[in-house]
Amino acid sequence: MSVFFLFSCQSKDKYTSFTPGEHWLDNNGVHIKAHGGGILYDNGIYYWFGEHKTEGEAGNVANVGVHCYSSTDLYNWKDEGIALSVVPEGSNSDIEKGCILERPKVIYNKNTNTYVMWFHLEPKGKGYTGALSGVAVSDKITGPYSYMHAVRPNKGVLPFNAKDIHKGESHTEGISFDGGSLPGNVDSLNILGRDLPTGQMARDMTLFVDDDGTAYHIYSSEENSTIHIAELTPNYQQHSGKYGRFFPGRFMEAPALFKKDGKYYLMASGCTGWAPNAARSAVADSILGEWKELGNPCVGNDAETTFHSQSTYILPVQGEKDAFIYMGDRWTPDNAIDGRYIWLPVQFEGEKFILEWKDKWKLNDFL
Ligand code: DGJ
């Protein structure tokens, strides 16, 4: 029996548990394509947005766009189609087929009654040097989303916690950065100062909407060395200019942020490309800091590789107090389409949150 037949003959509503790392089929029997994704809960339905990867290594660039799925139970997902499409080659658009479009996240804006998508964007053929953030908007959650613009955040604006050294010269001339380390001290190099005229670099990212409706863009900046947390404007389509830099020189990617009992928690990875590494975690009383690192939240076997995954989102389960789901990607860079999803329940221990491997688990495990 062919693998295709096996995958395509599954019936609808077949899942009653999570099985991290296994193929996860949508209502059409096709492995879900929502890598580097995030979830928005809207009118009783969860919507999962993520990168539509395609076959082979070349599937790590955007050949299709951002895929959307919907679910009422978090186990079974209906294909809602492509929410944001890349545009044909030769169009000279920022989101031309073959660009890099990663980690899309969607939030709902009450003021404009629109859905706003942000993503990490690298224009075609330029590797990861662009470090741009793209924005697309739709008045329907499943799309189609209209591409608005791509920016490097906070052009000309210093963060509220800039040091005096950031107001001076940068010392980066002639240095090429590898995205995983620095040839010196992050502050004395002053990458932040180097990027003031163009806006700050923004690669791996997530969004977070606080209880008061203020939205934040959280991204790896300064050659991946430092996380920036930047407030968005009331329509969520631009940066307001209020932002802070955190974890300088710690090289964190894959940020995921959630709030429990008034405290903000961050999970992130280190920087090792598509290969997994040990996760980081941190807690703060205010989203703009002070942040305190809490170490690797993973425990048990494979904790050092985040169970062969990298964080992308931490989902609050609706209607359940203190129920959060870790969403991670197990990347398969040689055949991007086969990337797996690692979803695990978040547990709390003292001031920390922890993650433990489970072959199979149910939402009831939270109760
Ligand atoms: C790690 C990032 O977290 C991913 O989103 C992707 O950019 C890969 N690096 C590319 O190597």
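Visitor: How far is an oxygen atom of the ligand from an N or O atom in the side chain of aspartate 204?

Guide: It's 2.4 Å. That's a polar contact, a pair of N or O atoms within 3.5 Å (within protein, one must be able to donate a hydrogen and the other to accept it, and residues adjacent in sequence count only if both atoms are side-chain atoms). Keep in mind that this is a predicted model: local features need pLDDT of at least 70, side-chain atom pairs count only at pLDDT 80 or more, and totals for chains, interfaces and linings use all residues. Residues are numbered from 1 along each chain as its sequence is written, and side-chain values use heavy atoms, leaving out hydrogens and water.

Visitor: OK, and which polar backbone atom is 3.3 Å from a nitrogen atom of the ligand?

Guide: One belonging to glycine 273.

Visitor: Which residues surround the ligand, then?

Guide: Glu102, Arg103, Tyr128, Asp204, Glu253, Gly273, Trp274 and Gln310, where being near takes a heavy atom within 4 Å. That shell divides into 2 nonpolar, 2 polar and 4 charged residues. Here Ala, Val, Leu, Ile, Met, Phe, Trp, Tyr, Cys and Pro count as nonpolar, Asp, Glu, Lys and Arg as charged, and the others, Gly among them, as polar.

Visitor: New topic: which strands make up the open sheet with mixed pairing?

Guide: There are 3 of them, in the order β17-β22-β21. Strands are DSSP runs of E, at least two residues long, numbered from the N terminus, and two of them pair if DSSP finds at least two bridges between them.

Visitor: Which ones are at the edges?

Guide: β17 (298-299) and β21 (347-349), as each pairs on one side only. β17 runs parallel to β22 (residues 352-356), with 2 bridges joining them. Cysteine 298 has leucine 355 in β22 as its bridge partner.

Visitor: Where are the cis peptide bonds?

Guide: One joins glycine 143 and proline 144, with omega about 5 degrees. Proline 144 is in the loop between β7 (132-138) and β8 (146-151). Another goes from glycine 289 to glutamate 290, with omega near 0 degrees, and glutamate 290 lies in the loop between β15 (280-284) and β16 (291-293).

Visitor: And leucine 74: is its phi positive or negative?

Guide: Positive, near 70 degrees. Leucine 74 is in the loop between β3 (65-71) and β4 (78-85). Most residues other than glycine have a negative phi, and most peptide bonds are trans.

Conventions: Helix = DSSP H or I, 4+ residues; strand = E, 2+ residues; numbered from the N terminus.
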